[in-house]
Amino acid sequence: ATAAAQLKPTLEEYNVVRSTLMQLAKKDPLYRLTREDKTLLWQFREYVMDNDTLLPKLLRSIDWGDRAMVQEGYRVMYAWEQPRPIVALTMLNDHFPDPKVRGYASLCLERMKDETLSQYILQLTQTLKHEPFHDSGLARFLLRRAIRNTRLLGHQLFWSLKAEMHDPLV
């Protein structure tokens, strides 16, 4: 109990750390996290779970070679406030090769309206290239939404995929 009490920050420490993490949340999604940023995010992850913009940054701070850290990362990801679709899009870039993270990001896109999603179909089609498997959360999401709205999304997805057929690697 004493060790746990020592790990818990004082109110003043908490306010300083929270302020620092909120500044980090405002940084560009492509901002390269420093070792200190990653340590701070990981150490105080439970205190900022209400800020969806910090989830991608937290996931980038995981040492994916450390099984225990990865399992804790999954637990935190599902417990975190679900990110807005625009934030979830950042979790589909090549910084996030993990299928569970990419699947979760695709799940978060479900809240996106068809009209908004149609603006991202081309980019999401390109993102399919980064999927480690053909049968992925993103592929299933795109197919499901294309079938649901064939006139808007299905048409766009078809032609976006058709445009990539010239490249045998894709």
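This is a predicted model: local features need pLDDT of at least 70, side-chain atom pairs count only at pLDDT 80 or more; totals for chains, interfaces and linings use all residues.
Local features are given only where pLDDT is at least 70 and side-chain atom pairs only at pLDDT 80 or more, while totals for chains, interfaces and linings use all residues. Residues are numbered from 1 along each chain as its sequence is written, and side-chain values use heavy atoms, with hydrogens and water left out.

**Overall fold**

The protein has 11 helices and 0 strands. Helices are DSSP runs of H or I with at least four residues, strands are runs of E with at least two, and both are numbered from the N terminus. The C-alpha trace spans about 60 × 30 × 25 Å along its principal axes. Of the 170 residues, 42% count as buried; buried means under 20% relative accessible area, exposed over 50%, and partly exposed in between, with a 1.4 Å probe and protein chains only. Contact means heavy atoms within 4.5 Å. Among contacts between residues at least 6 apart in sequence, 65% join residues at least 24 apart.

Ser106 belongs to helix α7 (residues 99–108) and is buried, at 2% relative accessibility. Its C-alpha atom is separated by 5.2 Å from that of Leu138, 32 residues apart along the chain. With neighbours within four places in sequence set aside, Ser106 is in contact with Leu92, Gly137, Leu138 and Phe141.

Glu72 lies in helix α5 (residues 67–79). Glu72 counts as buried because its relative accessible area is 19%. Not counting residues up to four places away in sequence, Glu72 touches Trp42, Arg45 and Glu46.

**Rings and charges**

A charge sits over a ring if NZ of Lys or CZ of Arg is within 6 Å of the ring centre and within 35 degrees of the ring normal. Lys27 has its charged end over the ring of Tyr31, 4.9 Å from the ring centre.

There are 4 aromatic pairs in the structure. Rings of Phe, Tyr and Trp (its six-membered ring) pair if their centres lie within 6.5 Å; planes under 30 degrees apart count as stacked, over 60 as edge-to-face and the rest as tilted. Among them are the pairs tabulated here.

| Pair | Centre distance | Plane angle | Class |
|---|---|---|---|
| Phe44 and Tyr47 | 5.9 Å | 50° | tilted |
| Trp64 and Tyr74 | 6.3 Å | 55° | tilted |

Trp64 is partly exposed at 36% relative accessibility, whereas Tyr74 is buried at 11%. In the other tabulated pair, Phe44 is buried at 9% and Tyr47 is partly exposed at 29%.

**Largest pocket**

A pocket is an open set of points on a 1 Å grid over the protein atoms alone, where a 1.4 Å probe fits, with protein on both sides within 12 Å along at least five of seven lines; lining residues have an atom within 4 Å of a point. The largest pocket holds about 330 Å³ of space, a volume being the space filled by probe spheres set on the points, which are joined across faces, edges and corners. Its lining consists of 15 residues, and Leu128, Lys129, His134, Leu161 and Val170 lie nearest its centre. The lining divides into 8 nonpolar, 3 polar and 4 charged residues. Ala, Val, Leu, Ile, Met, Phe, Trp, Tyr, Cys and Pro count as nonpolar, Asp, Glu, Lys and Arg as charged, and the others, Gly among them, as polar.
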